[in-house]
Structure formats: C-alpha cells, structure tokens
Amino acid sequence: MCPHALSVPWKPAPPRLAQVNHRWLTDEEQRTWRQFVWSTRLLFEALDRQLQRDSGLPHSYYLILAMLSEAPDRTLSMGELAEVVRSSPSRLSHAVARLEEAGWVRRRKRPGDRRSTLAQLTDQGYDVLAAAAPGHVAEVRRHLFDRLTPEQVRALGEVCQRMLDGLDPERARQLGGCPTHHP
C-alpha cells in the first residue's frame with residue numbers, strides 16, 4: 001500500500017460492499033479528494049510551523065487571537081469564540097487559559113449574566129498578533145495565493161463557498177462580509 005494512501009474506500013473491494021448500492025468515487029474524484037486532503041493538511045502544517053518558529057504560538061492560538069481582534073471591543077463570549085474557531089468548549093478553555101497566562105487574553109464574567117464568560121484580547125495580545133500577522137500572511141501567500149492565477153483564486157473561493165453552503169450555511173453567510181486584512 002502506498003504510504004500516502006488514505007483509508008477512504010473508493011472502489012468496492014470486498015464482495016459484501018459491492019452489493020451495497022453505493023456511489024463510489026471515480027478515479028478523477030479520488031485523485032482530487034486525495035490532492036485536497038494532502039494539500040490542506042500540508043498547508044496547515046506549514047502555517048503552524050511558521051507561526052511556531054517565528055512567533056512561538058501554534059496556528060490554533062493565532063486563530064483565537066485573530067478572531068478576538070475582529071470582534072467588537074475585541075471581545076467574544078467563550079461560546080461564540082468556540083463556534084468561530086471550530087473548537088470544543090473544553091479545548092478552547094484550555095487554549096484560552098494558556099493565552100491568559102501569557103497576558104494576551106483576559107476572561108471575565110458577562111455583566112448581568114454570571115453564567116457566561118467573555119474572552120477579551122488584551123493590548124499585549126493584540127501586539128503579539130500584529131507582530132505575527134505579516135509572517136503568517138506571507139506564508140499563506142507563498143503556499144497558496146502566489147501559486148494561483150486570479151481566475152484560480154476566484155474558482156477556489158467559489159468551491160469553498162459551495163462547500164460551506166452545504167456544511168455550515170450560517171457560517172457561509174457570515175463569511176460573505178469578512179474583513180480583508182488582519183492587524
């Protein structure tokens with residue numbers, strides 16, 4: 001078996017599976033699927049390595065800081081933040097605790113609702129994000145956008161929008177108006 005092969009069945013090997021009325025991936029779809037999986041994994045690994053090397057923070061922490069920087073008053077409830085960064089509440093709580101220890105995020109109870117906790121990006125956290133952003137953007141450009149023509153960028157955006165429409169229609173609508181730059 002190829003060391004890069006994924007464990008995604010694409011042709012009915014076992015006779016029992018062949019009897020199931022199943023729509024298998026064509027050769028072209030399977031090739032495209034694997035290219036998508038490997039390229040996105042490698043891209044996120046490269047982004048994480050660059051951020052760790054140059055800024056000392058993992059990509060997941062960068063994303064938390066970036067999402068807080070775009071929120072009104074640089075503040076989101078922990079539930080809103082978990083949703084926007086696609087994290088479980090417990091994983092997010094652990095990450096925010098680390099960011100809080102570094103002085104980059106502050107947590108407090110929501111006034112008038114003691115059950116809800118707010119996460120706020122501190123000035124120090126904003127400065128860390130602002131210092132990390134140029135290197136991160138350069139790495140995104142180097143590995144993705146500099147390799148594509150403007151037409152390919154538009155096509156990629158259309159494909160991603162189509163996927164989001166099916167996977168998370170609410171997020172797809174929200175991303176239609178996302179800002180074009182970070183600090």
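Reply: H3 and helix H5 (residues 89-101) pack at an angle of about 80 degrees, and their axes are 11 Å apart. Helices (H or I, at least four residues) and strands (E, at least two) are DSSP runs, numbered from the N terminus. Axes are lines fitted to C-alpha atoms, for helices over the stretch in contact, and angles run from 0 to 180 degrees between N-to-C directions. The angle therefore makes H3 roughly perpendicular to H5; angles under 35 degrees count as roughly parallel, over 145 as roughly antiparallel, 65 to 115 as roughly perpendicular and the rest as oblique.

On the H3 side, the contact (heavy atoms within 4.5 Å) is made by Tyr-61, Ile-64 and Leu-65. H5 contributes Leu-92, Ala-95, Val-96, Arg-98 and Leu-99. These residues divide into seven nonpolar, no polar and one charged. Here Ala, Val, Leu, Ile, Met, Phe, Trp, Tyr, Cys and Pro count as nonpolar, Asp, Glu, Lys and Arg as charged, and the others, Gly among them, as polar.

The model is predicted: local features need pLDDT of at least 70, side-chain atom pairs count only at pLDDT 80 or more, and totals for chains, interfaces and linings use all residues. Residues are numbered from 1 along each chain as its sequence is written, and side-chain values use heavy atoms, with hydrogens and water left out.

Helix H3 (residues 59-70) also lies across E1, E2 and E3, running at about 100 degrees to E3. Those three strands form an open sheet in the order E1-E3-E2, with antiparallel pairing; two strands pair if DSSP finds at least two bridges between them. At the edges are strand E1 (75-77) and strand E2 (105-110), each of which pairs on one side only. On average, neighbouring strands of this sheet are turned by 30 degrees against each other, direction ignored.

Three bridges join E1 to E3, and Thr-75 stands opposite Gln-120 in E3. Six bridges join E2 to strand E3 (residues 113-121).
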